[in-house]
Structure formats: structure tokens, C-alpha cells
Amino acid sequence: MSAQRRAQVLLAILAVALIVLPFVSGSYVLSVATLILFFAFTGQAWNVMMGFAGQLSLGHSLYVGLGAYAAAGLFFHYGIGPWAGVWLAIALCVVAGAVIGFLAFRFGISGVYFALLTIAFAEFTRIGFDHITWLGGAAGLFIKVEQRDTWDLLNLRGTPKMFYFVMLALAAGAFAFCTWLLRSRAGYYWQAIREDEDAAQALGINTFRWKMLAVVISAAMTGVAGVFYAFYYNNLFPEQTYHISRSIEIILGPIIGGLGTLFGPILGAAVLTILADSITEIMAAAGIEVPGVKQVFYGLCLLVVIMFLPNGIWPAIARRLGLKDK
Amino acid sequence: MTAPSKPRSPVRRRVIQAAAASAALTTLGFPAIVRAQSKRLKVGVLLPRSGYQGFIGQSCQKGADLAPGVIKQMLGVDVELMNADTETNVDVARTRAERLIQEGANVLVGAFDSGQTVAIAQVAEQRGTPLVINIAAAPQITEQGYKFVFRNFQTARDIVGNGLRLTGDLFHATNTVPRTAVFMHVNDTFGTAVSRGIAAAMPHMTQLPFKIVDTISYDPAARDLTVEVSKAKASNADFLMLVCRLNDAIALRREMVKQRWNPMGIISPGSPGMYEEQYFKTLGKFSEYSISNVPWYNPRAELTHVVEKAFQKQNPGEKFPFHGLNVGFTFEAIMIAADAFKRAGSTDPKTLADAIRQTNIPRKMMLGAPIKFNAKGQVEGIGSACVQNLKGLPTVVLPADAATAKPVFPAPYYKA
Amino acid sequence: MPLELVVNVAISGVLTGLVYGLMALGLSVIFGVVRVVNFAHGEMMTIAMYAVVVLFAALGLDPLLLVIPIAAAFFGFGYVLQAGLINPFITRPEHSQFLLLVAIGLIMVNALLVIFGPDARNVQVDYQLESFAIGPILFDKVRVIAAGAALATSAALFAFFKLTLTGKAIRACADNHLGALVVGLNVKHLYALTFGVGAACVAVAGCMMVLLVDVTPVLGPSYTLLAFVIVIVGGLGSMPGALLGGVLIGMSESLAGLFIEPSAKSMFSFGLLILVLLFRPQGLMGRRA
Amino acid sequence: MSAVNGSPILEVRELDLYYGDAQALDGVTLAASEGEIVAIVGSNGAGKSSLIRTIAGIETQRRGMVRFRGQDIGGLPSHRVCELGIGQVPEGRQVFPSLTVRENLEMGAMLRRARARLAQTLEEIFELFPRLKERERQPAGTLSGGEQQMLAIGRCLMGQPELVMFDEPSLGLAPTIVQEVFHTIRRLHERGLTIILVEQNVAVSLKLAQSAYVLENGRIAMNGTGAELLADDRVRQAYLGL
């Protein structure tokens, strides 16, 4: 079997497994799976910017929050459903991403400085949203919860199974989209920029334009995730949605899974979420009930992975499976 | 089984259990545990015991830990606790709630913080498992039309109403007539909700003699409150009305001492912070005379004595008044569930929820009317007390029928 | 608005800013030389604060006396951390370094939670709540001491880097890595020394900070963020920049709190950060790389 | 192999160096005897700098051996190599721009073998390069290219080396300064230092050198005395344009 054929078979198996999962699993597994898919999606989005184009963003919670608040605000005040809200979310995130990207790239900010700029914007927005009373301010924005038993896709109200499938569709869509992106002209240019920006510039690539494109696409995708977030949790607090720890959660998956790979963000999200829950389970079973021990173990696991698998888990596995790591 | 949070199984068994648990995770689809008619009520307790709210979560947990013993004695019902740490994170709160239900929790109790509570409430609602909220004040939680969510805690609105009324009572009882107040509040979920409540309620509180001359909201993450206090001091208000959390309350009080600002007193119309142990420990004599008008336990109630005894047995060396609020509401939440279970005689969630709706418990620990849920699942008429820090302990000074000391106002450090 | 109020607030802004600057100093020193952004900076300071709490409780020694032993211990801690854990990451990309230090920070925060529990801890000394007045202007005693410590530490660092051969060698490493290798400087050792020096600065900051705020395990991340804002504004790698950045942030928070809205005051720090990044990305006192 | 008498102070045998998958050195073997000047010539990218960096311990070879005074030094970190008495004047001079001239020189003497004599050596260097004395308190970044080259040489000498490797010392300098640099190299040689000289100025370096090697694509293509190579037609064609 060729590497590509093998990849297709594995992908098909995974797809079937994911579709069948909610019919055989309990609700707990379903909620964990939904969470994994959410982080797989946001990880995929972040990966476009960092993994493909080499721009390190540590403030992606900004786009999650903007997307979430845009759609939730429309729904809360005007009863306009998320399928309209998502466009507003995308538009806002595109504008925000474009502003940040424009400022950063025009003023020649890169590397650590760019990363800190993204944090600054996210924090700036977090505190700002604490003061927007129209969106609940620090007291939070609560979406009314109704229609628990039926699927109302138009208003994104329904059972956990529905949310699972919506998230699965989003994650699958993101995967397909990123596959296409990576093989498109943009993908090659991004790779060139990531490897050596000056060289890319010298080759006549308009690095500014392509970097902007990466930021904007990444922001828009993350905004869509935000819409899901708003309707899944039904309440938004600036303190939570824009918090830097959420940005870190987003980037852990792709880095652990394998930066710049298509499958890395998915694998990373799965590994980390299952790892976190397994540690909880194991500790509970072992009778260790000291708060904090879990996170210490989690941190140690992160440490071990980053030390011994600097390129992430997926490239290592892919090589073993005889697949190309993209 | 009294304290399942500390199982004493032999090490080997624990290891086997651990292995089994990890194995179970890798195989998909946990077999749904049959909810048979049981003689034992399994209560899933979800609290933020690590992360930012860790200290309150752990305080609440003390109330849960003593509940099975007290309830067995009181109602003759067996309660088994299933504890979960939400890590102060909504994602974790949600998945932990799912896990508890899947493992057979008949009822959930939690979760102190409004955000995490809403996440859990949705799971409870979807799974049709009753949730009894111990503490969470966001009014919206019981406005969502949930059928399985119950709250035995005041909403932010009630807290404010009670708090302001008690403030008036306090002035009346001490024969004082402060004319001005400066209102400082922490700009977080809780603080904002309460401050909005105050803005709405003040115009109707015509019996209050004072006006709010300045409102200062501050960042919960603020590292330094110098400016805030300078500004408040410059307002020359007679007293400070404060809606705070613990750490900022301490920082503020310290800053007041440093800036030599001595108003008639500090009154919280309903917030944590100043009655908490850390406030006393850290500030020593400067913690004295601060006043919090908060939902509180009735120090004279019979149940309080029972719970206090159990608390002291489990936590020798800890002082009950510092944990009373957290312990009391967490205990009552579990008691409500156990009481409903006793009446329903079943762990069937629907039956249990119906039974909870029929709750009528006059013999309670916290102040206020008997525990009865309205159509929205909210207990009305939960009382507040005017709690003043006296001789190193939070002491009930109002209402008179629950008071154990007389209020002191203006505070002795006040110099007119 | 009374002038007296404005002056009082401005002075406290400067004093607080110097303490912030002291905390950021370590971060700046480390980045300036090792080129690794210490994302566990605030967490390290938290550990120092706990060290003060523990030693104070055990020995009853004034935190001001504990500065020396704790700084010395932190020097060793920083040295080992750099030589053992961080050094292999120096040539790795930034996100890799970031994740490493995030993991280290996570472990630190939660290890503290396990050891000390979630409650806030503090030390109580008799001068803690004192202030002295000059005319209508009030000075917070602890802040004055801490600001003094900030200046003294900066002076000591300045002397170390300007006058000692080791200090010069560290500057040489920062100046030209290849050049340092060529003349036979032990770069790995000097990097570890630098991290040690940075950690010692953090320890001094922690000893001062514990007099001003109570310590909880989760205190770290917000101080990490604050330290970043300060060193970016002042100039990553510049020591006077760290102090200047601290004072600017302290002042901007104070004045924004006074004239605009206290709860939004940190917004102005981040606003200032964004402006500096855009118009002078190397920071106010930084050199262009 | 070497035309000049004396025991080899430096021996390099079968050295292979890779940057990732790209091979930079391929079986390089050479030797330098005590007190001689060894010239290494070759076109850009032939591996001259790689060779020097490997000997200095900045790069680590995949295969082969470097021996200094009989001691195996392959794989030692650079500071240990310097400590043994191997100094380097690197390509591009690599001074510390924000440190003063004096501080730059001090950095050269951080080695254990040199630190005790720091003050004394400093005087000697200032004697050798009076220009540096004049600029003692100036940051090195403000010096001219020629002055920086003097500084780099002076800094290297501060470490009391027994063998000095020069990597393109005349690159980018004005002709009069180039003269001065070569004059300095000759004087150092007269003092008994062993010198390895990598130069694009092939004619001058071959004239100076007792023995010489031609490096092509990471391999030693030719070797002999300086005079032999200077007379060789292939060398004259390829490197001297004659």
C-alpha cells in the first residue's frame, strides 16, 4: 500500500469511528469527545497561522471571544440565530486579525514581540469587555436555554449529540479546508515564509500579503469556534473567554500533536484531553484527592513530550506508520 | 460511609482500581449504570478545589464531607458522596458533571461559581439529573426555565435587598445617621451583579439616610489598590460601602490604614471577603468592626450546633464561623437532596426532582424562611445577617433574634 | 480634583512602579542574554514569596534580612534550571521554549497548591502598615523600602555587569554569541549564571512583594504578564528600561485609575504596550536587535 | 607530509562534518608543526571556515580526529579547546560591539591560562597596537574595520595562545590595513606562534606559509609547501588567475 493509500484508509476508519461514537458511548465520553473536537478545531485554526505561516500567536482567545460575543449578542438581544451570527463573528474576527496583522507586519514586529502583541490585544479586549454592559460586562452574558430534546440546528439548540455532530462537522471541515490550503499556492508560499522570510521575499513573494492571509483565515476560523462555544456553554464571561489560559489551551494541542501538520492538532487535542481526564480518573481510583496533583502530572507530561518529541507526537507516529507527516 | 473523600482501601486495591479506570477509558462506551431502587443516595459534589477559587471550594467541601454523618443521624438516610474538582474551569466542570452522572450520581451539588454552575446546570438538565446549587448568585441561573435545577441561595438581587435593609437596621440600632457613602465594588461577575442591584434598589430605599457620593469599581486582578483608596478617601464619605472578594478586601483595608483613612465603618451590603478567616489572620486588629450583610447561618439554630459539632470533629483546630457560610449552604444542599430522597423513597431522578420541588424544611441551619422552592426552583426568603468582626470572629449582630452581640458603629477608630 | 490627591497618587505610582520594575528586572536580564523568554517568571516570584513566609514562620526573621539567603538560594535554583532544563531549548524555536516554560510554570503553581493549600499566606511585621507624612503627602513605608531595594538591586546589577569580569563576560555573550565562543568563554555556564542572577532578582522582588500583597499559589501568571508588559515597554534586555517600564506602568495605572476608571486601569498598561510595540518595538530603552 | 621540521602541534585526521544532511567536510587530514604558518586556500564554500570551527570546538565532527600536542580534542567544547592554547581570529572579527575596547581585550583573557597575566598582556597588546590604546574606552562597535581587526587579533593574543587560527583576516579591509595585518601575522610567527591562515588572498598567504593545503568541496585537493603550491599550475590557474 502506498503511503497515501494507507493515509486514506486510516482517515476513513477514523471518520467511521467518530460518526459511530455517540451511538455507542456514554454521555461522559461524548462530552469529552466534543471537547476534543473543539480543541482540534481551534488548534487547526491556530496552526494555519503558526504551523503554516510561522506567526506565533498567543492571543487566540481574542477571536474565540469576539466570535462568541458577536453571535451571542445578536441572539440575546434580537433573537437572531447563530447561522446569521456566525457571519458577523467571522467579519469581526477578520477585521481584528487584519488590524493586528497589519500593524505588526507593517511595523516589522516578529517573533517574541509579535506573540506578546497578540497577548496584549487579547488582554486589552478582555478588560474592555468587562465594561461593555450591553454584552453583560463582567457580570456575564447568559443565553436563554431552551429546547433540550429536539435538534434545532438553526438556533443551535439541542441535545449533546447534536452539539457533538456540529463540532464534528466543523472539525472535519477545518481538516479538509486546511488540507486544501496546504496544497494550494498559499500553502507553498507560507512554507517558504516560515522557513526563511527574507529568502521568500527575495524570491518575489509578497510576504506581507500572505502573512495577512494566514492571520485572517486563522482568526475567522477561530471566530467560528467561538460561536459554537457561546451556544454550547450558554454563558460568557470576559474573564473566562478572553483569558490567556484559554489561548494556551488552544495552542497546546497543535504543538504537542505536531506543528504544521494536518493531523497534529487533532491528535494533540485528543492526547491532551484524554491525558487530563485519565489522570483525574486514575487519581480518583487511587484515592489521591489532593487538588493540584493532577495539574502537576499534566505539566510533567507536557515537559516530557516537549523535551523528547520536539516536533510533536504525530510526526513520530506517522513515520512509524509509514505515512508522510503532513 | 462517612467520608468517601478519604477512602482507606489497601494500596493494592487502589492500584487495581487505577488500572481498571484507565483501561475503562480506552474502551469506549461505559455501560450505563443501572439506576436501581437504592437505599443509598449518591450525591455528586462539584466544587472548584483547585485553580483560582480553590480556597473557597475547599471550604465548601468541608460542608459536604460532614454531611453524610449528620444526615444519617438526622434523617436515617445513607448518603454517598462522589467528589469532583472542577479546577475552576467550565470545561472541566461540564465533563466532570457528565462523568458523575454516568457513574451513577443521583443528584448533583455545586458549584460555588456562577459560570461553572451554569455549565453543570445544562448537563443536569440534559441528563435529567437534579442539581441543587449550594452557592451561586447570578440571577439568570433560575431564569432559564430549567426543570432540574434548584437553588438554595440568594440571588444577587436578594442579597442586595437584604443587605441594604440590614444597613438601615444597623443605623437604627446604633442611632447613627451617616449622610454619605462611597461605594467600591470589584468588577467581576459577582461584584457587577451586586452593584447593578444596588443601583436599582437605592432609589426605592427611602428609609436609608445616606447618599452614594462616588462609585469606584476596581479590577479583581488589580495588584495595587492605592489609587482606588485615595479616590475613596478624597470623597470624604461618612462610610465605605464595599462589595469585594477576599484578596482585594485585605488589600483595601491595608491601604486604608496606610493612607490613614478612618471612615465611620466598612459595610458590605452582601459579599464575601471580610468575614473570611484570612481577613482576620492577615489584618489582625485592623480586621475588627468590618461589617458584612450576608446570607448566614443562624447561630442559635439547633441544626447549627449539630453541624458545628461535626465540623469540629472533622476539622479540629479550624474555627467554624469562618467556614459557616460555605459549609452551611453546601450541607443544606445535600440535606435537601437527602430529604427529598427520603420522601420519594427512590433515586429515580424525575421522582427525586419532583420531591425536591415539594421540599419544606423548617428545621434548617441558615437564616430565613423554611426551605421551599418556587416554580423556578429558587428558594425565597433566605435571610441575611449583619455580621460584624468582633474579637477576632465574625459575629451576628442583627437581626436581634439571631444576634449574639451588639453592633458597634461607628467603629472606634473613627474620628469625626 | 485636589492637587494633593494627584500628587499622592503619582508618588505611589512611582513607588509601586519601582517594585514592578524590580520584578521585571530579572526577566529582562535573562532575555537580554539568554534570549529565552521566561514564561514562568511570576511563578518563580511566588515561590520566593512562599520561601519568605515559611522562613519567617520558622525563624521569625524579618523579610528584609531573608533577602540575602533567599536570593542566594534562588541563584542556585536558576542556575540549575537553566543548565539542566532550559539550555537544550536555546536553539529551539520560540513556541517550543514557550511551552517548556508554561509547563514549568504549571508544575510550580500546582506544586505550591499541593504543598501550601489554596489559602493566601503572608508575613506580618510591625512596620507593614506604617506610613509617614511630609506635609500633606503620605509615604507608604513598605513601598519606600521596596523602591529602595529596587534601586539598590539595580545598582548592584549595574556594578556587576560593568565592573566584574564575569559580568562583562555575560554582556559579551549577549553581544556576540559566536565571538564569545571564539574567545573561549564558557557560554553554557555564563547563561546559567545569568539565569541565576535573574532568579536572584526575582527573589529580591518576592521578598519585597510579600510585604505588599498576600501570596497564593495562583498569583504567578498575572505577574508574569505584568513583567512582560514592563520589559517590553522599557526594552527587553535593558536594565534601566525595566525600571523605567515599571515606573511608567505604575504611573499610567495610577493616573488612569484616578482620572478615568479604576477597573479599567490595566487596559492602559496593555494600550501602552501596544503603542510601544508599534512605534518603538525594541522598547523605550532597548537596542534594535 | 610537512616540509618544515618539528613535531606536529596539531593533527587533523579523516574529519567529516555535516550540517544536517549536508556534508561540509569530507575526510580532511592535515597537520601543523610547531612554529610554522600553514595556509589553507580554497574557493568560497570549500569548507575552510568549517574546518576552523571544528578544530575550535564550535562544530562537532561526525567522524575523524583532532589532536593538539598529542591530546585528542575532538568533541571538546570550545572553551576547553581555547584553554589548551588554541586561539582564533574569526571571520568577520566578531568583536563585542557594546563592550569597550579594553573590555573586549579582557574577554580574551578570561581563560585560566591567561587570567593571571591579564594586566601585563594588556600592556603588551597596547604596545603592539597603539591605536587600541587610544580607543581604550570606546565601544568596539564604533571602531573602523581595520581597528576591529586589530582588536580581534589583540583579543585572541590576550588568551596566551600557542596556535592561532586566522579566518579571512584581510576580508573587507583597505589595502594599507591588509598590509598591516600581514605584517602582524609575520611578527607573531617570528615570536614562535604556530599559525593557521585561511585567506582569500592566496598569493600572499602562500608566500608566507611554510606548508599549505588546497580545500575543494570539503576535501583536501592538494598539499605541499607554500612555494610548491605557488608554483603549481593548477593553483595558479584556479586561485591566482594566471
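A: Happy to! Let's look at where chain C meets chain D: six residue pairs are in polar contact between these two chains, with both partners at pLDDT 80 or more. Please keep in mind that this is a predicted model.

Which parts of chain C face its partner? Two helices of chain C, α6 (165-175) and α7 (177-182), each bring at least two residues to the side that touches chain D. Of these, α6(C) gives the largest share of that side, with seven residues.

Now for the whole contact. On the chain C side 19 residues take part, and they are in contact with 22 residues of chain D. The size of an interface is often given as the accessible area lost when the parts come together. For chains C and D, the buried area is about 1,900 Å², and carbon and sulfur atoms give 64% of it.

Charged partners meet here too. Two salt bridges are counted between chain C and chain D. One of them joins C:Lys168 to D:Glu106, whose closest N and O atoms are 2.7 Å apart.

Let's step back to chain C itself. Its secondary structure comes to eleven helices and two strands. Following the sequence, the order is α-α-α-α-β-β-α-α-α-α-α-α-α. The radius of gyration of chain C is 19 Å, close to the 19 Å that the globule rule gives for 289 residues, so chain C is as compact as a globular protein of that length. Its C-alpha trace spans about 60 × 50 × 35 Å along the principal axes. Among the 289 residues of chain C, 66% count as buried. Of the contacts in chain C with a separation of 6 or more, 76% are between residues 24 or more positions apart.

How does chain D stand to the other chains? Chain D does not touch chain A, and their nearest C-alpha atoms are 15 Å apart. Chain D does not touch chain B either, with nearest C-alpha atoms 37 Å apart. Four pairs of chains do touch, and the pair with the most contacts is A and B.

Chain B has twelve helices and twelve strands. Its radius of gyration is 22 Å, which agrees with the value near 22 Å for a compact globule of 416 residues. The C-alpha trace of chain B spans about 70 × 40 × 40 Å along its principal axes, and 67% of its 416 residues count as buried.

B:Asp188 sits in the loop between β6 (180-186) and α6 (189-201) of chain B. Is B:Asp188 buried or exposed? Its relative accessibility is 14%, so B:Asp188 counts as buried. The side chain of B:Asp188 reaches the backbone nitrogen of B:Gly191 at 2.8 Å. Leaving aside residues up to four places away in sequence, B:Asp188 touches A:Ala138 and A:Ala139, along with B:Pro220 and B:Arg245.

Conventions: Residues are numbered from 1 along each chain as its sequence is written. Chains are lettered from A and ligands numbered from 1 in the order in which they are written. Side-chain values use heavy atoms; hydrogens and water are left out. Contact means heavy atoms within 4.5 Å. Buried area is the accessible area (1.4 Å probe) that two parts lose on being put together, summed over both. A salt bridge is a side-chain nitrogen of Lys or Arg within 4 Å of a carboxyl oxygen of Asp or Glu. A polar contact is a pair of N or O atoms within 3.5 Å; within protein, one must be able to donate a hydrogen and the other to accept it, and residues adjacent in sequence count only if both atoms are side-chain atoms. Helices (H or I, at least four residues) and strands (E, at least two) are DSSP runs, numbered from the N terminus. The radius of gyration is taken over C-alpha atoms; the globule rule is 2.2 Å times the number of residues to the power 0.38. Buried means under 20% relative accessible area, exposed over 50%, partly exposed in between (1.4 Å probe, protein chains only).
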